[in-house]
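Let's walk through this fold together, one question at a time. Have the sequence and the model open as you read.

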Amino acid sequence: MASLFRLGPTFWRVGRRLLHGALATGLLVHAPALARQMPPTGILFLHSYDSTYQWTRDLEQGAREVLAVLEPAPEVRVEYLDARHETRADIRERFAAWLAAKYARPPRVVVASDDAAVEFLLTHPGLFPEVPVVFGGVNSAALAARLPRSRFAGVTEPTDVNHLIDRILAVRRGTRRVFVVTDRQEASIELRTAIEAAAREHASLSLTYLSGDVLSFRQVLAALERDTQPDDLVVVRPFVEDRDGTPVDAADGLRRVIGASRAPVVSPSVSDIGQGLLAGIYSTGIEHGHRMGQKALAVVRGTPVSRVGIEPAIDDQLIFDAQQLRRWGLREQDLPPGSRVANLPPSFYRTNKKVIWTGVAVLVLQTGIIAALILMARSRRRAQRALQEQADALAASNRQLDLANRSLVREQEGRQVAEEALRQSQKMEALGRLAGGVAHDFNNLLTVIIGQSALLAEKLPAGGALRAGADEIRTASDRAAVLTRQLLAFSRKQVAPRTPCRIAATLRQLEPIIRRLVPETVTLDIRADDDIPAVILGEGQFEQVVLNLVTNARDAMPEGGRLVIEARLEAVASTLLGDPDLQPGTYAVLRVTDTGVGMDAETQRQIFEPFFTTKEPGRGTGVGLATVYGIVKQHGGGITVNSSPAMGATFAIYLPAPQGAAVTAGADTRAAS
């Protein structure tokens, strides 16, 4: 009976092979008929293992989530290589033939998961020869290097063993021996090579290899039970098959390795903590599947496989088992930064979760009832407050409308002032043209009168009545010539040689003359900054401007008062409303202020007109301020007046400063006013 039980597994393997052979033969015979019945396949998932493997399910789920954006949704088929249980070459050949018959109409793209499926497609080039392959979860760098880039693209899962060992040894500083447990697969050989390279950086470590390519799985377990000690460290890659080709269930083999070892066990390729592993490298199959799905999506949409490429998905975050930490005397605070801890002991909250949430629900219900009662009691007051707020808002809106209306009124008044200034400027321009034309023609007549009176005086004897008449004609002609020059200055048609004029120095030179012009009842105050740069004016014209303004101020103070003359450099920020021609810039400003009788608005609108005067007949020609206006405008400047009855007057003359002149600290920066 015992021998029959021992032969049972053998009979099972033989029967399974016969069944697979019959199935493959049947498919080959009926392949044409099946192909005619099969609809075209969109995407084929080919998995290395079976549907019970969580990593496989997570990879497929992640890829499907990305591919779900395709419109219309392609047909998706799934096949399993079952490499954890079956590794024989003849079975693989029959499986390849079965797939070829089943998918006579090949899929658009094959999505392969893990090393075995990719190796299977690489070693069977006749299976889906023109179909691009997108893979994920490949650990073997050598396998990835052998893949033709014209057909294969995907995401590898390289194992960062050096990173794992460095961090584990930083926590367990007393470890001196490391046991490396691997099977006979290519990825396991690469793991041993990587561990050897990592161990070279730790001279005190000794390595012991328990490899499935030279030992059976039972011998590996026996060696772990016999040789390991608590201070050692075991690094394991799950077994799939040993030296005899015997398949080993990866999950079951990992549990048996952990059970046989008397030292903590870590794995660079397992992230499922809870079966006894101390630590692993944290990696989720869903995230890996997302990366794989993104590449498959690009291929389906027409991107060439060679451009999609192969890239690594390196996961270096360690995950530790809380129970194993306590078992081996390790503390969470000693773990490397960024590490995760799983299988934490149940907290008070987890233990009493239902009771806590039931109490919270009751408390919330009671609070809601109380709140409803309070809200009902306060509803009337809220309504009253709402009405009051509406009334306040309406009042505030009315105030805003009133302010807006006042703003519009002020804007309209400002616009009217600007329009009046523009009309005044245009009127002065027209008067200037008229005065210039009259003065020009009158000057021609004066030339004849002066010339003829001079000739007449030369021919008449001195002392005679006729000679006296000729001299009187000459004197009147000279006064008329002065008046003509004033009219030409107002009209800006007088041409005079231009010279630099230092304003401060000129005012000091004029001070004695000014003091003789004003009576003793007038207090004179002259202030001028020495740093005003020279301005370019016609010869003697600045002196004429000053004396005309002083004369006008003197006549406005018959009972005495105060006369202030000041000059400085100022920056004008915007156009002055009193003179719309004046542009922003830097100006040498002369201000003449008196405390005389002042002027009303109507007088101010006419003061710069030729022959306008408020003096009695015979006491002035009324062209003094017109001359000032013409000189200033002729040199690109501006002039403003600020006055009111009985409050005196201030005349401001703006003369352009040379380019580059800077206003010194403390000087005014004036805007439009």
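Helices (H or I, at least four residues) and strands (E, at least two) are DSSP runs, numbered from the N terminus, and the expected span of a helix is 1.5 Å times one less than its number of residues. This is a predicted model, in which local features need pLDDT of at least 70, side-chain atom pairs count only at pLDDT 80 or more, and totals for chains, interfaces and linings use all residues. Residues are numbered from 1 along each chain as its sequence is written, and side-chain values use heavy atoms, with hydrogens and water left out.

Q: What span does helix 8 reach from its first C-alpha to its last?
A: Helix 8 covers residues 186-199, which makes 14 residues. At 1.5 Å a residue, the model comes close to the expected value, and the span is 20 Å.

Q: Within what arc do the buried residues of helix 8 fall?
A: Buried means under 20% relative accessible area, with exposed over 50% and partly exposed in between (1.4 Å probe, protein chains only). In helix 8 the buried residues are Ala187, Ser188, Leu191, Arg192, Ile195, Ala198 and Ala199. The arc is that of the directions from the helix axis to the C-beta atoms. Seen down the axis, these residues line one face of the helix because they fall within an arc of 145°.

Q: Which strands stand at the edges of the open sheet of seven strands?
A: Two strands pair if DSSP finds at least two bridges between them. The order in this sheet is 7-6-8-9-10-12-13, with mixed pairing. Each edge strand has a single partner strand, so one side of each is left without a neighbour in the sheet; these are strand 7 (206-211) and strand 13 (340-342).

Q: What is the bridge partner of Phe179 in strand 7?
A: Strand 6 (residues 177-182) and strand 7 pair in the parallel sense over six bridges. For Phe179, the partner in strand 7 is Thr208.

Q: At about what angle does helix 9 run to strand 6?
A: Axes are lines fitted to C-alpha atoms, for helices over the stretch in contact, and angles run from 0 to 180 degrees between N-to-C directions. Helix 9 (residues 217-227) lies across strand 6, strand 7 and strand 8 (233-236), and its angle to strand 6 is about 165°.

Q: What does the twist average in the open sheet of six strands?
A: This sheet has the order 2-1-3-4-5-11, with parallel pairing. Its edge strands are strand 2 and strand 11 (310-312), each pairing on one side only. From one strand to the next, the twist averages 15°.

Q: What is the bridge partner of Gly154 in strand 11?
A: Strand 5 (residues 152-156) and strand 11 pair in the parallel sense over three bridges. Within strand 11, the residue bridged to Gly154 is Ile310.

Q: Which strands does helix 11 touch as it packs on the sheet?
A: The direction of helix 11 makes about 170° with that of strand 4. The strands touched are strand 1, strand 3, strand 4, strand 5 and strand 11.

Q: What percentage of the residues in the chain is buried?
A: The chain has 20 helices and 21 strands. Out of its 673 residues, the buried ones make up 41%.

Technical notes. Contact = heavy atoms within 4.5 Å.
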